[in-house]
Each structure stands twice: as C-alpha cells, then as structure tokens.
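Please keep the sequence and the model open beside the points below.

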Amino acid sequence: MGRLSVNLCGIELDNPIIPASGTFGFGYEFAELYDINLLGTFSFKGTTKEPRFGNPTPRIAECKNGMINAVGLQNPGVEKVISEELPKLKKCFNKKVMANVSGFAIEDYAYTCEMLDKQEQVGWLEVNVSCPNVHGGGMSFGTSPEAAAEVTKAVKKVTTKPVIIKLSPNVTDIVSIAKACEDAGADGISLINTLLGMRIDLRTKKPVIANKMGGFSGDAIFPVAVRMVYQVANAVNIPVVGMGGVSTAEDVIEIMLAGATAVEVGAANLINPYACRDIINDLPKAMDKYKINSLSEIIGGCK
C-alpha cells in the first residue's frame, strides 16, 4: 500500500478521496476536466427505483460558508442508470464505483440495491436512509434505529457487496442509529448527510427555496461532521466514511483522525470542479507538515 492508500470494506483505494453523491453526477462530466481515475473512487448520483424529476425550482439557496439544496433526488431511475449511465462511465473510469441508493419504501431500497449489486463496476452500495418514508407518514428511515436497521437487513438479504449506510445528522442520537445498522449487518457507515436549513427572501418575505427547507452543506458544517464521525467511529467496529464541509487536505487529515477510513467531498465540487484533484495533490505536503507517514495509520488517531 502507498502512503495515501486505505482499505474500505475489503477494497483498497489509492487514496481516501471520494466525491460525494449528488456533487459529481455519474462522473463522465468531470472526466472532461481531468483524469478521474486519480480519485479513490466516487459515489454516483442518488439512484431510485423509478425515475424522478425532483422538486420544483428554485432548488438552491446560497448561505454564508455554505449552500442549501432541495434537488429532490432527480435521477433517471435504476434501469437507465444501468443501461445508459454505467456504460458511459466505463469509458472514462476503470475503478470500482460507489452506488448511492435512495428509496421511499423498504422494498424500493431492496429492489434498487439488488439490481446495482449485479453490476461489475459497482464496488460498494451506499444506502441513503435520510429520505422521507412516504409509506410511513413522511418520516425519514434514518431518524430511528429500528427503521434504519430494517432497511439494512432488507438490503443485506439481496446483496453480496459491501453495504455502507449513509446517516442523517438531523437526529438526537446518531450513535444508537449507527450501532443499530451495524447490528443489522451493515459493512460500513457514512456520515454526515446535510443538515436541514432554510433561507427567507427579505423582499418577498417568502422562502428562497420552493420546498421551503433543504439540505445545508459546505464549510460551515465541518465541525458537526468531525464530532459525529468521532462519536460513531468510537462506537462501532466497522469502517466510517466521513463527510460534511471537507474542502482541504487538512480537513481530510482532521476527519480521518476523528475516525474516518475514507473521506467524501461534496459542496466543494460545486464551487471548484477540481477540488478533489487538488486535495489529492495537496495531501503529501500536508502529511509531511504534520509528520504523517501513511494515512491508514492515522485513522481514529484522536483519543
């Protein structure tokens, strides 16, 4: 293994940097800018069983040190992802990719994961349990240990590849939910997803976003991410993928010290499309500065 290498659920990554779902499309758009094979891997656009147009516009609101989005899982549906998006990706990315899956009922999650599990290109299934459970009165699966565990069990029954459960930070006790997912068979945990935020237009006195509220991301949420990664990594015995406001090589080192095995970069890609490339290039210098020989050695190094 090289200095930057890490092992995520049995698969070695050249480095821990993973563009987060929803900020990197299906990869080939960024491949026009630089060789995306230098990434550890990336998590592709959140995929559902059926195609989704997403929420009404406007969907984006700017904030100090961040942004709010309410895109609403716009995607072509799992069948088109498999028949159209993955073949396009194969032409420019020769590593295993992380498939991000969302659903509105447990059977939706199971169906989509089973379909994607069969794809040779897919290395991991990142299951986003912070979406509304339409069949259960609008609750998010990720807000209770029992509901998160139910999704985990259903997905694990129909898959063979590592299942990483992506948790919402909009909860009181993140640790109990992470432990419930681990007990239900999860191979890893990823966190944090976006915080719930809102902006109001002073001129119209109405919400900026048509959906009223949306996911708050960007630099401002980084301390929350570090805290939650630290809490979860110290409570479970499976790998943690950390994310939330990561935009520099120093951020990567900090969140790995908190316990992250790999690190997703989200909003930074929307500000600078070369963000992940730049972070990877900057990591060796940052490691030298802090006298770090190998990234795998610092995982969970903050006690």
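1. The axes are lines fitted to C-alpha atoms, for helices over the stretch in contact, and the angles run from 0 to 180 degrees between N-to-C directions. The model is predicted, so local features need pLDDT of at least 70 and side-chain atom pairs count only at pLDDT 80 or more, while totals for chains, interfaces and linings use all residues. Residues are numbered from 1 along each chain as its sequence is written, and side-chain values use heavy atoms, with hydrogens and water left out.

2. Helices α7 and α9 pack at an angle of about 70 degrees with their axes 8 Å apart, and they are therefore roughly perpendicular to each other. Helices here are DSSP runs of H or I with at least four residues, strands are runs of E with at least two, and both are numbered from the N terminus. The crossing of α7 past α9 is right-handed, a term used if the near helix is turned clockwise from the far one by less than a right angle, left-handed being anticlockwise. On the α7 side A249, E250, V252 and I253 meet I279, D282, L283, A286 and M287 of α9, where contact means heavy atoms within 4.5 Å. By class this contact holds 7 nonpolar, no polar and 2 charged residues; Ala, Val, Leu, Ile, Met, Phe, Trp, Tyr, Cys and Pro count as nonpolar, Asp, Glu, Lys and Arg as charged, and the others, Gly among them, as polar.

3. Which residues of helix α7 (residues 249-257) are buried? They are A249, D251, V252, I253, I255 and M256, buried meaning under 20% relative accessible area, exposed over 50% and partly exposed in between, with a 1.4 Å probe and protein chains only. Their cover includes β1 (6-8), β3 (17-19), α6, β16 (240-243), β17 (262-265) and α9. Just after α7, G259 takes a positive phi of about 135 degrees. T261 lies in the loop between α7 and β17, and it counts as buried because its relative accessibility is 9%.

4. Helix α2 (residues 78-90) and helix α3 (residues 106-117) pack at an angle of about 15 degrees, with their axes 10 Å apart, which makes α2 roughly parallel to α3. The contact is made by V78, E79, V81 and I82 of α2 and by Y111, T112, M115 and L116 of α3. Also in helix α2 is L89, which is buried with a relative accessible area of 2%. Although L89 and G27 are 62 residues apart in sequence, they are 6.4 Å apart in space, C-alpha to C-alpha.

5. The largest nonpolar core has 93 residues, and I36, L167 and L191 have the most contacts inside it. Helix α9 (residues 275-289) gives the most to this core, with 7 residues. Such a core is a set of buried Ala, Val, Leu, Ile, Met, Phe, Trp, Tyr and Cys residues joined through side-chain atoms within 4.5 Å. Leaving aside neighbours within four places in sequence, L167 is in contact with residues including V129, I174, A178 and L191.

Conventions. Angles under 35 degrees count as roughly parallel, over 145 as roughly antiparallel, 65 to 115 as roughly perpendicular and the rest as oblique.
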